[in-house]
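Here are my notes for your first look at this complex. Please keep the sequence and the 3D view open while you read, and take the points one at a time.

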Amino acid sequence: MIGLAPPAYDPAAPTEATKLPVAGTATVRAYIADLARRHRKAFLLLVTVNAVAVIASMAGPYLLGSLVEEVSAGAEDVPLVRTMLLFTAALVVQAFFIHRVRLRGAMLGEEVLADLREDFLVRSVELPPGVLERAGTGDLLSRITTDVDRLADALREAVPQLAIGVVWILLLLGGLTVTAPTLAPVVLIALPALLLVCRWYFRRAPAAYRSEAAGYAAVASALTETVDAGRTVESLRLGPERVALSDRRISEWTGWERYTLWLRSVLFPVVSLTHVLVLASVLLIGGFYVLQGWIGVGQLTTAALISQMLVDPVGIVLRWYDELQVAQVSLARLVGVREVEPEAGDADERPEGRAVRADDVHFGYRPGVDVLRQVTLAVEPGTRLALVGPSGAGKSTLGRLLAGIYGPRTGRLTLGGAELARMPAEEVRSHVALVNQEHHVFVGSLRDNLRLARTDAGDEELWEALAAVDADGWGRALEEGLDTEVGSGALALTPAQAQQVALARLVLADPHTLVLDEATSLLDPRAARHLERSLARVLEGRTVVAIAHRLHTAHDADLIAVVEDGRITELGPHDQLVAAGGAYAALWRSWHG
Amino acid sequence: MQIRDLPYTDPGEPDTRSGPRFLFWLGRMQLGGQFKSLGWGLLHFLSIAALPYGVGIAVEAVVAGESGGLAVAGGVLAVFGIGVAVGDLMLHRTSVTNWITAAARVQQLLARRTAVLGAALTRRVAAGEVVAVSTGDVEKIGWFVEALSRFTAAAVTVLAVCAALFVYQPALGVVVAVGVPVLALAVLPLLPPATRRADHQREKAGRATELASDTVAGLRVLRGIGGEQLFLGRYRDASQQVRHAAVRSARMWALISAVQVLLPGLLLVGVVWYGVHLAQLGRITVGELVTVYSAVMLLAYPLRHFEEIAMAYSFSRPSAQRAARVLGLRRQDAGADGDTPGATQDVVPRGDLYDPATGLLAPEGVFTAVVCGDPDLAGRLAERLGGHAPRDEGDAPVPSALLGGAALDELPLAAVRAAVLVQDKDPVLLSGTLAELLDVPSSGRVSGEEALTAAYCGDVLEALAQASAEPDGDPTRTRITERGRSLSGGQRQRLALARSLVADPPVLVLDEPTSAVDAHTESRIAGRLRTARAGRTTVVLTSSPLLLDGAERVVLIDGDAAVAVGTHQELLHGDPRYRAVVTRETDAEQEAREDRDEIEEKA
């Protein structure tokens, strides 16, 4: 069988729905045009420097051609010294400008790349919290890592190299035309076959290379997971399965390697034969011209040497062209984030007072499916409200509505009379903060980790905040204090410490209303108990909505709402609910004995 | 070996005594492929080197005015042209095959080694190293092994060209023979600083990527509480540092490129100068001059392989050393060094589970709950109950747990793992679909559906159906992201519990299986768990009253020893220490209660 179909399994195929938009062609074009405008000067400089290098590189063939002409004509006084000095001078110029080309190319690529990745992060941090909550951070994360990496490869090498290669080819063809105008068209003989094969190849290559790269990454990630889950793998006796999985990943990856190798097996011979064909045509047809006396032997020599030089730039263009296509896909994903409208919010929507009210609120993530129904609730300032109920009943969703992340489908949800969902995110967070079990510790100093809540806070205030959550003990024990690098790759904080940092941020941010979504559920019971004590101090005087998975939190609250199947089924203080003998009472008895 | 035959059925037993030995072993394992690559490489390079010969004949024919010579030149070019094309294609195919087979072999070896090391890996520094080998080193190792054949072909070609020139025209031959080694070695001193700068750039780039992904990972926190500008500024700094490092690295590579143009060019000038002189004297023809010029120009191509092999070796040597170190790791515990985990058909021990260190007894077929005030102590106890616990060097030896009177540490690892399943505090959900997640070695007694119901996973299934890429949203075919990051802590715990229930081992040890699950759900799980484990030995380490209430037998461990045994209700009313631990009363509350009890007693 000649030819190879691409493997059936594509490791680069998306495994979950893309949750953020991918830019269309028009947006990507507009963005590229904008980038080009921003870097026009650097780009022109690169092309100029490159042109000088290429022109200098043609001095050798040209000088040799004229020498051949004269020697073969039997000239006695060949200006050898002068010619050789010229040759050397041209060589030095070429070497110097090649140096500049490489350097300018890298500088341009790096600048564009820095612009791109910084732009992307600027856009990312402007995403509305609701969009983030819905889309999760996974999609965004893969864009900032995988797509930025792919673009880095393309911009660092492909764009400058392609610019260099194309200019190089044009100048060589130009040099050929100047040397022997009648011979230049001969170069085009091999062009149709080359173009045809290139078209075939580039239609298939970019997607195939993407799948191949994804397949290779999957080999490594399977192994990484086995290492990471060493304990789980051993206890569940998954060793043989993991080995089989790795082998399967290898066969999926090598399937794509085999396919891309086949693509190149078509392209490469055509490219090599094109080069030889060009050289042979120039020599034979040119030789015929010389025999006819239409051109001189020197012209022929120069033309033959220049056509030999075409190998390098053609190789460069072919090598980098598909990277550019891959880069386009990644660029569309990066630029796509710009299509999410930043929620401006209504700056006039200002709360008066701190009372939180929900009035017949309905809410659902998908049309037609309401997760919350008929929720009516009033939380007076300073009240501690606990939300309890089974998983999936809608507690967390209600918490997010109360924190202004989502707006209700129908009904009104207000803070001090102002509709939460219509307020700008910056305004909302000065009043309400949501704390969930995801206590992210940022890579960086402990100081940065705290200061994000109040960027103008001095060290003293930071220590006070740490003291308020009982964290100044271990904080002071750190050798470098607030300068200690924490987060992944540096000092790993225990879950309890991470939670304390999150709470210290709250102390600094100082919102009057807090929504705690199972904030301590990932901690072991002993740490949780300790922490709840420091938490109590932070919560003093604030309105608190706590989504509780431990009943003692509910017990301590002023008001308990039992959420079942999207509705509030029981509402009242602990003693009242226990006395009422409903679901909460039953649970309390089995819990407390 | 062809790519389509991969993966290897047996990747072999590597020589891990040192890095170079490992490289040598890899090369030896695919010797046939290496020789194929060498042969095609010779055809390719020699054909390229021979092309100038045709050019020379053509020029000569033209000068002499013979059209017959032109035809000969055409024939010569056609022959060598086909040689170039075929050689290029086959060299590429064999080189890529060599690279892939070497890389695949190392990945397979790594997979087998990690599967054997299992839990022993997580305790060692080695975990990071294994990942480093798999993600970065494999490529470099494969590169060197593959490049060696290409380099050999190129080196032979360079020698052949020099020799041919020497025979053809000794004086010119000498000029080239002296010039070539200088060319080959000239850039070598520049390579180490260049690679150092490239490493520095990669390091900076890694740091920037880390900051970016870290910022994105914590974006919800940032959006919820502020500080976006602080983090953007930080990222801009890092991003600009990458730019500076990259430009600094490019400066060095630009210098290398310039040298690569200048030196061969100077050799060319020398050759032409001397050649024209010889031609004027009539010692060589014009055609021969063009041949020599053209040959020296093309020599730059095989010469590049000298630099490549130097770089490939300097990159791959530390990589190979690390790979050899990782592949040479062995488990320390006795009876665990069987290289095929889980394959042994040893008799699975059974009976009561007993821990001599604490005196904890878990009778066969009984649902036992253990309360242990200290979570670290509980973790160590759970590990001990599973046998073959990974131990740090210098740890005091602790007596092995006994199952049916047999010391678990003395039994073969495979038999012990088949008998006792320990689900630790932080079980990892391996990525894959839900169906794949639940596809673990099991007795077959408990179906996935039953396990999911017992662990109360209804809402997890709903969430997975929602996240599904397919319209029909079959939750069992939805992929769970790595470590289940898209799920909440409670959901992850319940899925892990369902997986352990599917495995249905004779003895199941669960360490805080529901600590992140809300009380409503936990109380439902407690009942179903006991039903699902009916007739089997189960040990749950927990302090949750809801789980404890569902256990047949509750043991309280205080300090290092079991101090009380009973049911939850008995202990709750009879043992103040127990009450303090499980109901989380503060000291003040406890005193108040005791006072009240006293008053009641007096009354």
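1. **Annotation.** A word on the record before we use it: UniProt positions are given here in the numbering of this structure, feature names are shortened, and annotations may be inferred rather than shown by experiment. An unreviewed UniProt entry annotates residues 42–60, 80–98, 158–176, 182–202 and 266–291 of chain A as "transmembrane region".

2. **Ground rules.** Please remember that this is a predicted model, in which local features need pLDDT of at least 70, side-chain atom pairs count only at pLDDT 80 or more, and totals for chains, interfaces and linings use all residues. Residues are numbered from 1 along each chain as its sequence is written, while chains are lettered from A and ligands numbered from 1 in the order in which they are written.

3. **Two annotated spans.** Helices (H or I, at least four residues) and strands (E, at least two) are DSSP runs, numbered from the N terminus. Chain A has 21 helices and 12 strands. Residues 42–60 of chain A are 95% helix and 0% strand, with 29 Å between the end C-alpha atoms. For residues 266–291 of chain A the figures are 100% helix, 0% strand and 37 Å from end to end.

4. **Overall form of chain A.** How far does the C-alpha trace of chain A span along its principal axes? The answer is about 120 × 60 × 50 Å. Chain A has a radius of gyration of 35 Å, whereas a compact globule of 593 residues would have one near 25 Å. This radius is taken over C-alpha atoms, and the globule rule is 2.2 Å times the number of residues to the power 0.38.

5. **Domains.** Bounds here come from an automatic or database domain assignment. In chain A the assignment gives domain 1 (21–180 + 327–343), domain 2 (181–294) and domain 3 (356–592). The centres of domain 1 and domain 2 of chain A, taken over C-alpha atoms, are 22 Å apart. Four residues of domain 1 of chain A are in contact with six residues of domain 2 of chain A; contact means that C-beta atoms, placed from the backbone, lie within 7 Å.

6. **The two chains together.** How many residues does each chain bring to the contact? Chain A gives 134 residues and chain B gives 144. On the chain A side, helix α9 (residues 239–291) supplies the largest share, 26 residues. The predictor gives the complex an ipTM of 0.85 and a pTM of 0.82.

7. **Backbone details to look up.** Most residues other than glycine have a negative phi, and most peptide bonds are trans. D470(A), not a glycine, has a positive phi of about 70°, and sits in the loop between α15 (459–468) and α16 (472–477) of chain A. Y456(B) also has a positive phi, near 55°, in the loop between α14 (448–454) and α15 (458–467) of chain B. The peptide bond from L6(B) to P7(B) is cis, with omega near -5°.

8. **Buried or exposed?** A residue is buried if 20 or more other C-beta atoms, placed from the backbone, lie within 10 Å of its own, exposed if 12 or fewer, and partly exposed in between. D470(A) counts as buried because it has 20 such neighbours. Y456(B) is buried too, because it has 27.

9. **Confidence.** The score pLDDT is the predictor's confidence in each residue, from 0 to 100. Chain B averages 84, and 90% of its residues score at least 70. Over residues 337–344 of chain B, pLDDT stays under 50. Where pLDDT is low, the predicted coordinates should not be read in detail.

Note on methods. Two residues are in contact if their C-beta atoms, placed from the backbone, lie within 7 Å.
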